[in-house]
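This briefing concerns a single protein chain and the surroundings of selected residues. Please consult the sequence and the structure shown here alongside the points that follow.

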Amino acid sequence: MSSNTYQLSWSAKKYDWKGRMEASMADPTKRTFTQSLGRRLKPGKFNVGDIVYITCASKCIMKGVIKTPFSRRVELVADEFSKSPLQEREDRHLGKWYCEIEITNWFMGDNQVPMRGNQVTFCQPKNAFWN
């Protein structure tokens with residue numbers, strides 16, 4: 001089965017992407033993180049091996065691969081890099097669907113391709129640079 005490619009959008013106001021990026025570069029154990037599905041998406045759409053380009057602050061900052069399928073958790077997953085208040089995270093992660101993503105590439109400085117963020121956590125933009 002071939003892999004699909006997605007854009008994963010993080011909000012710079014709600015997520016410390018620089019902290020996540022620096023921690024993952026410095027410590028191999030921080031290269032795999034737990035990601036929520038977000039709203040309005042079906043977890044069965046995503047597969048282990050799918051490629052994810054991570055965008056934040058209107059730039060592509062990292063690339064990763066889905067390592068575990070989306071599954072339901074009993075509790076909200078805490079993320080040390082989240083800036084959102086707990087209530088907002090509870091509302092956003094109501095279904096408690098999460099997967100694990102391993103960061104494989106980091107894009108620095110001029111290598112951060114401009115990409116507008118998306119309201120939907122995961123999407124497949126038609127005019128993305130990887131198409």
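In this predicted model, Q112 has a relative accessibility of 12% and therefore counts as buried, the cut-off being under 20%. This residue belongs to the loop that runs between β5 (97–106) and β6 (122–123).

**Q112 and its contacts**
- A polar atom of the Q112 side chain lies 2.9 Å from the backbone oxygen of F107.
- Leaving aside residues up to four places away in sequence, Q112 touches W17, M21, K59, C60, I61 and F107.

**M21 and helix α1**
- M21, one of the residues touched by Q112, is located in helix α1, which spans residues 17–26.
- The relative accessible area of M21 is 4%, under the 20% limit, so this residue is buried.
- With residues up to four places away in sequence excluded, the contacts of M21 are I61, M62, W106, F107, M108 and Q112.
- Between M21 and L8 the separation is 13 residues in sequence, and their C-alpha atoms are 14 Å apart in space.
- Helix α1 has as its buried residues W17, G19, R20, M21, A23 and S24.
- Among the elements that cover these buried residues of α1 are β2 (32–36), β3 (51–56), β4 (59–72) and β5.

**W10 and its surroundings**
- W10 is placed in the loop between β1 (5–9) and α1.
- Because its relative accessibility is 9%, under the 20% limit, W10 counts as buried.
- The side chain of W10 forms a polar contact of 3.1 Å with the side chain of Q35.
- Not counting residues up to four places away in sequence, W10 is in contact with Y15, W17, R20, F33, Q35, I54, T55, C56, I61 and M62.
- Of these partners of W10, W17 and R20 are also among the buried residues of α1.
- I61 is touched by W10, by M21 and by Q112.
- Twelve residues separate W10 from E22 in sequence, and the C-alpha to C-alpha distance between them is 16 Å.

**The chain as a whole**
- The protein chain contains two helices and six strands.
- In sequence order, these elements of the protein chain give the pattern β-α-β-β-β-α-β-β.
- The protein chain is as compact as a globular protein of its length, because its radius of gyration of 14 Å is close to the 14 Å that the globule rule gives for 131 residues.
- Taken along the principal axes, a box of roughly 40 × 35 × 30 Å is filled by the C-alpha atoms of the protein chain.
- Buried residues make up 39% of the 131 residues in the protein chain.
- When contacts between residues at least 6 apart in sequence are considered, 78% of them in the protein chain join residues at least 24 apart.

**The second largest pocket**
- Classed by residue type, the lining of the second largest pocket comprises five nonpolar, five polar and one charged residues.

Methods. Residues numbered from 1 in each chain as written. Predicted model: local features only at pLDDT ≥ 70, side-chain atom pairs only at ≥ 80, totals over all residues. Heavy atoms only, no water. Helix = DSSP H or I, 4+ residues; strand = E, 2+ residues; numbered from the N terminus. Buried < 20%, exposed > 50% of the residue type's maximum accessible area, 1.4 Å probe, protein only. Polar contact = N/O pair within 3.5 Å; in protein donor to acceptor, adjacent residues only side chain to side chain. Contact = heavy atoms within 4.5 Å. Nonpolar A, V, L, I, M, F, W, Y, C, P; charged D, E, K, R; others polar. Rg over C-alpha atoms; globule rule 2.2 N^0.38 Å.
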